[in-house]
Amino acid sequence: AAAGLTTQTGRDAFSLEQLLPPELADAAAEVTKELPSDPLTTSLMLLCGYSGLLKIGTRIESNHRYSVPCNLFIALVGKSGQQKTPLMRALISDPASDIRRDAREGFLREQETWKQACQGLPKSERPDPPRPLFPHLQDYTAESLAIQLELQEAKGLGILLLRDELAGLLQSLDADAKRGRGTAEAQLLELFDGTGATSIRVGGGVRQFERCHVSLYGNIQPEKLRQLINGNDCTGKFARLLFCKLPEVIPNLRDDDPSPAELSAYSQAQQVLVDYADRLYKQAPRQYRLSQPARQCFHRWWEQHQRVAIQEVTDSVISSMLGKTSAHAL
């Protein structure tokens, strides 16, 4: 499937000014100036990080019958040593660092208040302990994620599943299917659409949430990706990921020391990314709708992909990917 998927032409026609607001475009260009990226890669990574900060209920609809959450499942495909991690840090981790810190400090304060309230009380009379809320989550089990999403829904918060090595997450899904409960993969498939879940366990009580807002970002090497797909995607697991191939370019590194003006420009650009993250995190949920001309353009584009997807000669993995184009685009 990987060999049969030709690289689309016209990628170099994109610019940050087309894809992002001017201030944000300039800041993103500055922080990635010495990293191997291009406008499409930079925009997808930045928007994926921001999408995980949005509130539950932030959705976009193509018409009154079809809407999706404003989330993104992005996989950056690049060889080992191609600086995928520095890009992730600059565009996803660092802009949300203040949000992660505030969430942790808030939890510690709640924990201390709970400890004081429990002093002198028998265990049977103590209130439930507070639980942390995570803007970013790197490691989890299906059961622990269900608990987290229940807590997130109560606060209306989204979450970003962030993996520097996406292969680890995909392999854990396979292991769960073979030797575990077999629920982890189905859970991830359903999170893509923002749906809820109800689960009950013997001795574990009931876990239920009606809605969620989950985005996913991970880095993966092309050879590992080929091994994991292995010509089969019957569940559409890989189709839910929008794969972005990191451009094979060598950035121009500066040998001379940066000037005070250059240091200031870099620091200001970092702050712009942080400010946008904070604004989006505090923004109330919104419903976005395509205009009639946009809807017309989108429908013709969708139909083009569907015609290819249903052809018998189309590889099943590629067919699944084409079938998810509308959700990815929205």
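Student: What makes strand 5 and strand 8 count as paired?

Tutor: In this predicted model, five bridges join strand 5 (residues 159-163) to strand 8 (residues 214-220). Pairing requires at least two bridges, so the two strands count as paired. They run parallel.

Student: Which residue in strand 8 is the bridge partner of leucine 161?

Tutor: The bridge partner of leucine 161 is leucine 216.

Student: Why are strand 4 and strand 9 called edge strands?

Tutor: Five strands form an open sheet in the order 4-5-8-3-9, with parallel pairing. Strand 4 (136-137) and strand 9 each pair on one side only, and they are the edge strands.

Student: How do you know that helix 6 packs on the sheet?

Tutor: Helix 6 (residues 142-155) touches strand 4, strand 5 and strand 8. Its direction makes about 145 degrees with that of strand 5. Helix 9, in turn, lies across strand 3 (73-77), strand 8 and strand 9, and runs at about 115 degrees to strand 8.

Student: Why is leucine 188 called buried?

Tutor: The relative accessibility of leucine 188 is 6%. Buried means under 20%, so leucine 188 counts as buried. This residue is found in helix 8 (residues 184-191). Leaving aside neighbours within four places in sequence, leucine 188 is in contact with Phe73, Tyr140, Leu161 and Leu173.

Student: How far apart are the C-alpha atoms of leucine 188 and leucine 145?

Tutor: Those C-alpha atoms are separated by 10.0 Å, while the two residues are 43 residues apart along the chain.

Student: Is lysine 237 buried or exposed, and why?

Tutor: Lysine 237 has 9% relative accessibility. The limit for buried is under 20%, and lysine 237 therefore counts as buried. Lysine 237 lies in the loop between helix 9 (222-229) and strand 9 (242-245).

Student: What makes the pair of lysine 237 and aspartate 174 a polar contact?

Tutor: The side chains of lysine 237 and aspartate 174 are joined at 3.2 Å. A polar contact needs N or O atoms within 3.5 Å, one able to donate a hydrogen and the other to accept it; the pair is therefore a polar contact. Not counting residues up to four places away in sequence, lysine 237 touches Leu170, Leu173, Asp174, Glu185 and Leu189.

Student: Which residues touch the most other members of the largest nonpolar core?

Tutor: Of its 73 residues, Tyr50 and Tyr217 do. Helix 10 (residues 260-282) gives the most to this core, with six residues. Beyond residues up to four places away in sequence, tyrosine 50 touches Leu24, Pro95, Leu273, Tyr276, Ala277 and Leu280.

Notes. Residues are numbered from 1 along each chain as its sequence is written. This is a predicted model: local features need pLDDT of at least 70, side-chain atom pairs count only at pLDDT 80 or more; totals for chains, interfaces and linings use all residues. Side-chain values use heavy atoms; hydrogens and water are left out. Helices (H or I, at least four residues) and strands (E, at least two) are DSSP runs, numbered from the N terminus. Buried means under 20% relative accessible area, exposed over 50%, partly exposed in between (1.4 Å probe, protein chains only). Contact means heavy atoms within 4.5 Å. A nonpolar core is a set of buried Ala, Val, Leu, Ile, Met, Phe, Trp, Tyr and Cys residues joined through side-chain atoms within 4.5 Å. Axes are lines fitted to C-alpha atoms, for helices over the stretch in contact, and angles run from 0 to 180 degrees between N-to-C directions.
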